Amino acid sequence: MTTAPHALVTGASIAGLSTAWWLSRVGWRVTVLERADGFREGGQNVDVRGVGREVLHRMGLYDAVLARNTTEVGTRFVDDDGGVVAELPSDDPDGATAELEVLRGDLAGLLRDRLPETVELVFGDSLETLTEEGDAAVVRTHAGRTFRADLVVVAEGVRSSTRDQLLADATEPTPLGITMVFGTIPRTDDDDRYWRWYTAPGGRQVHLRPDPHGTTRAMLAYAHGDDEDEGLAGVDRDTMLARLRGRFTDAGWQAQRVLDGFAASDDVYADDLERMTVTTYHRGRVVLAGDAAWCVTPLGGGGASLALTGGYVLAAFLSTSPDDREAALTSYEAWMRELVDAVPSFPRAMRRVAFPQTGLGLAVRNTAAKVATSPPFSTLAGRFGHVAQSEQPLPELREAAPA
């Protein structure tokens, strides 16, 4: 009797869970290793676009994701009084507000709940060492576990420490000089079903978005040039909140409300954005998936769609080339790179446009937004969210025969 190949997947969010689901469908045994002590329920808005919708259909999860929609109906730029400056079109499935808008934790929860019982989830542990021993990768964890795996899939975030350990020479980061801070705050009667996007001089933004749980998802974002000391990733909570107050107290609109809400929230986190160049997605028995591979930022979008798709594409090529792992991984990387390379990048020069420093710069930006979202230019603006689109058909996937 042939033993099923074993995959160790690091990371139990969208990319890792999609990978585990699809690998199990093609006959692999899968262990998912997650450094957090438990499943992470929280997170902000993500969306499923383009080929990601087709993957959801093939998983039988499209309707379940649609039922967990955040309730968001559109995107509006607002002024200091909350008046609408411009509105992005959202009249197609991939508009600025997509047909499938969902919270990260809700989407990941659906994937977790649909995993077969054969998938093992291990929380509170992470990879410590990996060595090649004969026909397997031997992984030892910080908690003292040992796994023998035919393949190790690193399905973590942009700053994946596991990727940087195993493929240390494969990444080149470029800081974008933008910090974003996310959190959940109490909903008020004035909150509506729009993503409201406010910009203040000084390179500052305040965002409010609806969710389906009776709260509001908020974000504070600011541009700070190349001074790393102005970023917030990795600083302690009290320091982060104090720096935010110093920067946003006089920003206007609902900045003070968000600052107060963050002070009482237990899921606030910061991200200093980087554009990460990854020269290879695989080496030996290690392969990257999710943001650890393509490293898209919130500015480019498409991360959840790519995460769902990557799991399918990896499993598909492994299923059709079961005896040639290198060929399967090379095909996976080529297919995904074509999709990833089409995601819009964010040139550093765009900071001054998106995060104007002066009142005059903001007035110019608002005028440009009004023009761009008015006929005949609104059709082009409506393509703002057209990411994860591919003319490549999804590769064939050969499901394993039932045991």
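Q: What makes both faces of strand 13 count as covered?
A: In this predicted model, Tyr194, Arg196, Tyr198 and Ala200 on one side of strand 13 and Trp195, Trp197 and Thr199 on the other are all buried. Buried means under 20% relative accessible area, and 7 of the 7 residues of strand 13 are buried, so strand 13 is described as mostly covered.

Q: How do you know that strand 13 pairs with strand 4 and with strand 14?
A: Two strands pair if at least two bridges are found between them; 5 bridges join strand 4 to strand 13, which run parallel, and 5 bridges join strand 13 to strand 14, which run antiparallel, so both pairings meet the criterion. Arg76 stands opposite Arg196 in strand 13, while the bridge partner of Thr199 in strand 14 is Gln205. The hairpin of strand 13 and strand 14 has 3 residues between the strands, and Gly202 takes a positive phi near 90 degrees there.

Q: Why are strand 5 and strand 16 said to stand at the edges?
A: The open sheet has 7 strands in the order 5-4-13-14-15-12-16, with mixed pairing. Strand 5 (84-88) and strand 16 (269-278) each have a single partner strand, so one side of each is left without a neighbour in the sheet. From one strand to the next, the twist averages 25 degrees.

Q: What makes strand 14 and strand 15 a pair, and in which sense do they run?
A: Strand 14 (residues 204-210) and strand 15 (residues 215-223) share 7 bridges in the antiparallel sense, where at least two are needed for pairing; Val206 stands opposite Leu220 in strand 15.

Q: Why is helix 6 called roughly antiparallel to helix 7?
A: The axes of helix 6 (residues 237-248) and helix 7 (residues 255-264) come within 10 Å and cross at roughly 175 degrees. Angles over 145 degrees count as roughly antiparallel, which makes helix 6 roughly antiparallel to helix 7. Arg237, Leu241, Leu244, Arg245 and Phe248 of helix 6 make the contact with residues of helix 7 that include Ala255, Leu259 and Phe262.

Terms used
Residues are numbered from 1 along each chain as its sequence is written. This is a predicted model: local features need pLDDT of at least 70, side-chain atom pairs count only at pLDDT 80 or more; totals for chains, interfaces and linings use all residues. Side-chain values use heavy atoms; hydrogens and water are left out. Axes are lines fitted to C-alpha atoms, for helices over the stretch in contact, and angles run from 0 to 180 degrees between N-to-C directions. Helices (H or I, at least four residues) and strands (E, at least two) are DSSP runs, numbered from the N terminus. Angles under 35 degrees count as roughly parallel, over 145 as roughly antiparallel, 65 to 115 as roughly perpendicular and the rest as oblique. Contact means heavy atoms within 4.5 Å. Buried means under 20% relative accessible area, exposed over 50%, partly exposed in between (1.4 Å probe, protein chains only).
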